[in-house]
Amino acid sequence: MLHQGNRFSSLIIIYAIFSLPSLMLKSEGLEHIVGDSTGWELSTNYTNWTQGREFHVGDVLVFNYDKDQHNVMQVNSTAYADCGKDNYISLYTKGNDSIVISEVGEHWFICGVDEHCEKGQKLSIDVAS
Ligand SMILES: [Cu+2]
């Protein structure tokens with residue numbers, strides 16, 4: 001009987017070890033709708049939008065926008081500052097783009113259409129571990 005009991009508790013421990021990571025993953029991966037209901041467009045201040053928000057690795061940024069009007073370029077800090085559109089890291093054009101945050105640190109996004117970035121359509125986030 002004692003032997004069987006030990007075996008049963010070993011099984012529970014093994015089950016816990018294997019199910020724990022998947023439970024932890026489920027608690028991660030927050031979805032951030034950029035600009036909330038207004039989405040990715042010209043009249044939203046995205047610096048204000050980031051206030052009070054925390055971004056973590058595994059979270060998802062969702063850009064909702066009219067794909068005939070805008071796009072999303074992931075860029076470096078220099079291109080973010082001067083709205084440089086030639087050397088982007090990634091370009092998204094679907095109008096409903098989910099970008100998984102995979103790295104700690106700062107991430108920069110601009111709209112590459114016309115002068116939208118110059119008019120303020122840009123987003124900078126700081127990702128915690
Ligand atoms: Cu735009």
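Analyst: First a term: two strands pair if DSSP finds at least two bridges between them. Strands (E, at least two residues) are DSSP runs, numbered from the N terminus. This is a predicted model, where local features need pLDDT of at least 70, side-chain atom pairs count only at pLDDT 80 or more, and totals for chains, interfaces and linings use all residues. Residues are numbered from 1 along each chain as its sequence is written.
User: OK, how many bridges join strand 3 to strand 6?
Analyst: There are 5, and strand 3 (residues 60–64) runs antiparallel to strand 6. Phe63, for instance, sits opposite Asp97 in strand 6.
User: New topic: is Ser98 buried or exposed?
Analyst: Ser98, which belongs to strand 6, is exposed because 12 other C-beta atoms lie within 10 Å. The cut-offs are 20 or more for buried, 12 or fewer for exposed and partly exposed in between, with C-beta atoms placed from the backbone.
User: Which residues does Ser98 contact, beyond its neighbours within four places in sequence?
Analyst: Val60 and Val62. Contact means C-beta atoms, placed from the backbone, within 7 Å.
User: What about strand 7, which strands is it joined to?
Analyst: Strand 7 (residues 105–110) has 3 bridges to strand 4 (residues 72–75), antiparallel. Another 6 join strand 7 to strand 8 (residues 122–128), also antiparallel. Val75 partners Trp108 in strand 7, while Gly105 partners Val127 in strand 8.

Notes:
Helix = DSSP H or I, 4+ residues; strand = E, 2+ residues; numbered from the N terminus. Contact = placed C-beta atoms within 7 Å.
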